[in-house]
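Please examine the sequence and the structure shown below.

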Amino acid sequence: MHNPLLERPLSLYSNGQFIAGEGEDITVYDPSNATPITTLKAASAIQVEQAITAANKAFPAWCALGGPKRAEYLRRIAQALEQRRERLINVQMRNNGKPQFEADLDVSDAIATFNYYAEQAEQLETRQNTPFSLPDPYYQGQTRLEPVGAVGMIVPWNFPLVTSAWKIAPALAAGCTIVLKTSEYTPLAELVYADIAQEIELPQGVLNILTGAASTGIALTQSKKLAKLSFTGSNQVGSRVMQSAAERCQPVSLELGGKSAILVFKDAPVEQAVEQIVAGIFFNCGQMCSATSRLLVERSFAQQLIPALVERTRHLKVGSPFTEGVEMGPLSNLPQYQKVTRLLKQAQHDGLECLVGGEVNKSQTGWFVPPTIYDHIDRQHPFWREEIFGPVLVITYFDTEDEAIELANDSDYGLVATILSADLERAQRVANQIWAGHIWINSLQIIFPQTAWGGFKGSGIGRELGPWGLSAYLGVKHISIYDTQG
Ligand code: NAD
């Protein structure tokens, strides 16, 4: 399939125009054969500032347009994504190494997010100047919700279409304008939002998309003209973004990493549990902030569950997304491949008990790593504590419900958790005691745009999706009216 989305001679979209970047070269790869797809030019620091100027200039009119009119644009973005579905699937299979069914899910998720925030934009009008009474009869209070202004956004490479949709859709609905920097590893998918913005005649400057790596991101975080920064990525970079924003007391939202637990009680059906464990760690080759990379199993269930899990993992079909029936693709980029390979070597050195995987097949040209499971992990080991961001699962065991909760909470992160048990009352009780922003009970990691996304502890600041995702781009304005008529 010839896919024009894979070529981008003009790699920036700024002030309603596609323009050539004047920064460094960004070569993007097909991770299943480690060959370059194309080279794009990054935005220079001056071009970052120009995009920010455009976003600020566009802000007053976009804010004044009102929710219902903005909703029309959001719905048209959703339709335009649908029209490009096949090409978008293809671009993610090529540039991310996602199997087809995963790439397809990402397109659906992005579409659902724009449709959901179209509704939110419409409802926003009904929430304006809401009156409420105050204890003094001569006073009346009102609240308005105002967009914060032009927002800088920085996103990672693991779900390029989706992480961007989760920021762009609510920000546009709220009435904010945007300068978004894509990941240097996967800039192609998000440039489609620029194609769509031009096609639907989104007012110029409302949405600006910049290609670039860390230096472009740094320029964005150092600007004095942005009302807010919204970042998704690693804790290391998130901390730098926050430090930069702190110099100007600029608000930030941070969606960071995780080391999430999946708790399996002995009454869970074995086959279903195996599928949920496998999807929780091997979907997207484990490159998920929400990967349930710590498996906690009720000890008396181990003999039934673990052999079935190992067997399923051993037969997981790993390969190029273009091979029929593939369930897991390669890691998306070389640094991630190098990191995970180094960690597999460390596991050998540390004598971890490997049940399956653990060794990279060097004869493969792409950035493939096998789905890997280590048993009886020590709680002091880095594999228990630190995010790997690859297909690596560690297992430990519990005897009581309290111990399961204690183990699940033994983490510096608090993004998600999954609980598998036929006893719904127990599952609910456990869910209430786990420090995580999103919990699934007996479910795969299905995320609806209506539900909150984000974490406790080191997993970030703020929430995306749902009405909370909209609130992230709104400021509350209170109006007090003194009226002697009472
Ligand atoms: P990363 O932190 O390395 O990069 C994220 C983005 O920041 C990229 O666009 C990168 O170019 C940019 N960047 C790098 N250095 C910068 C700097 N100094 N200043 C400004 N921008 C800079 O993360 P990654 O490797 O792309 O993604 C993986 C991480 O993202 C994982 O830790 C994962 O858990 C996290 N993540 C979190 C969520 C969530 O919703 N919580 C979702 C997806 C990914």
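The following text considers the ligand and its surroundings, and then the cysteines.

This is a predicted model, in which local features need pLDDT of at least 70, side-chain atom pairs count only at pLDDT 80 or more, and totals for chains, interfaces and linings use all residues. Residues are numbered from 1 along each chain as its sequence is written, and side-chain values use heavy atoms, with hydrogens and water left out.

The ligand has 27 residues around it, of which Val155, Glu184, Ser234, Leu256 and Glu387 come nearest; a residue is counted here if one of its heavy atoms lies within 4 Å. By class, this shell comprises 14 nonpolar, 8 polar and 5 charged residues, where Gly is among the polar ones and Cys and Pro are among the nonpolar ones. At least three residues of the shell come from each of domain 1 (4–256 + 460–478) and domain 2 (261–448), with bounds from an automatic or database domain assignment.

Polar contacts are pairs of N or O atoms within 3.5 Å. A polar backbone atom of Leu256 is 2.7 Å from a nitrogen atom of the ligand, and a polar side-chain atom of Trp453 is 3.0 Å from a ligand oxygen atom. The protein buries 91% of the 850 Å² that the ligand exposes when taken alone, by the Shrake-Rupley method with a 1.4 Å probe.

The structure holds 0 disulfides, a disulfide being a pair of cysteine sulfur atoms within 2.5 Å.

Note on methods. Polar contact = N/O pair within 3.5 Å; in protein donor to acceptor, adjacent residues only side chain to side chain.
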